[in-house]
Amino acid sequence: MAAVRGSKSISTAPPVAHTAMLGLGVYRPERVVTNAEICEQIDSSDEWIRTRSGIVTRRFAANDESAVSMGVQAGRRALEASGIDAARIGCVLVATSTHLTQTPPASALVADALGTGGAAALDVGAGCAGFCYALGLAADLVRGGSEEYVLVVGTELMSVTTEPTDRTVRFIFGDGAGAVVVGPSETEGIGPVVWGSDGSQAEAIRQEPDWLDFAENPDQKRPWIKMEGTAVFRWAAFEMGKVALRTLERAGVAIEDLDAFIPHQANSRITEVIARSIHLPESVALSHDIEETGNTSAASIPLAMEQLLRTGAVQPGGLALLLAFGAGLAYAGQVVTMPPLATGA
């Protein structure tokens, strides 16, 4: 038997007991798009869109804006709210499905633009659940001692990835970005993540065709996001209430102790179904940011957090249940304490 060589052990980083979101910043594009404008290219009406989705307006980015530029704006405001200098950020996680260049990753560009000085950079592709996925990863990076501070960004440019004449998806989506700084805390501010996926239903939300197929057959329509709305509604309405309750159980939090419930802003009817299924008390603030923002995929959760903080429906330090779900079909949730908000976020 070969002898064990050497006696040295590998050092490990000291773990951190608790983590929290130390600051929140968001970016909403200036252009407000009404249902009437959307209906100029699809066979629908303002009344139908409001009734079926709860959406009144959404924001579309300007021609010179991108998932990266919006993410930079949100990240800068999150840093301001946290009081953490960009140079202290050790890792940048960007959740997005609409960074339109496969290489380099959006996270590296965001990290550089913010002046982090060479932070680790990773894009997280989990669709609308991406922000909560990245938040869970960031909390574990800090707890494990790998990094002291991590910037988590959710940013989406949905307006250029949905076909303007597609009645099934065009009215749903909007653009925007949100970001938080995750770091050590004296008390726990980010509960354990409950996450998963159902790849058997991957066709429910998809890109069609893929870019290679389009390059080889340029006469066909370019790739767009497609969705089977009924299938997604049934899945989310039936499954996400269970995920919400499991998340509360893992965090050791009773639903009556919550100050806010912040689900992914996919559809107001889905939100109401989930709220009823978990018997959400009337005392708990429920986000309806979808009314003014639409579905912004991975940016949805931080934008909805900002809306509740901005309107005073919940205060920094309040206890909130986050619940995200979307393409994959992926989902994630965690109980958190609400972060401070940047001035003018």
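Visitor: Leaving aside its neighbours within four places in sequence, which residues is N295 in contact with?
Guide: This is a predicted model, where local features need pLDDT of at least 70, side-chain atom pairs count only at pLDDT 80 or more, and totals for chains, interfaces and linings use all residues. Residues are numbered from 1 along each chain as its sequence is written, and side-chain values use heavy atoms, with hydrogens and water left out. With contact taken as heavy atoms within 4.5 Å, the partners of N295 are C128, M158, I172, F173, G174, H264, Q265, A266 and I290.

Visitor: Is N295 buried or exposed?
Guide: Buried means under 20% relative accessible area, exposed over 50%, and partly exposed in between (1.4 Å probe, protein chains only). N295 has a relative accessible area of 4%. That makes N295 buried.

Visitor: Which residues does UniProt place under the feature "active site"?
Guide: The feature comes from an unreviewed entry; UniProt positions are in the numbering used here, feature names are shortened, and annotations may be inferred rather than shown by experiment.

Visitor: What is the relative accessible area of C128?
Guide: Leaving aside neighbours within four places in sequence, the contacts of C128 include H264, N295 and F325. C128 is buried, and its relative accessible area is 9%.
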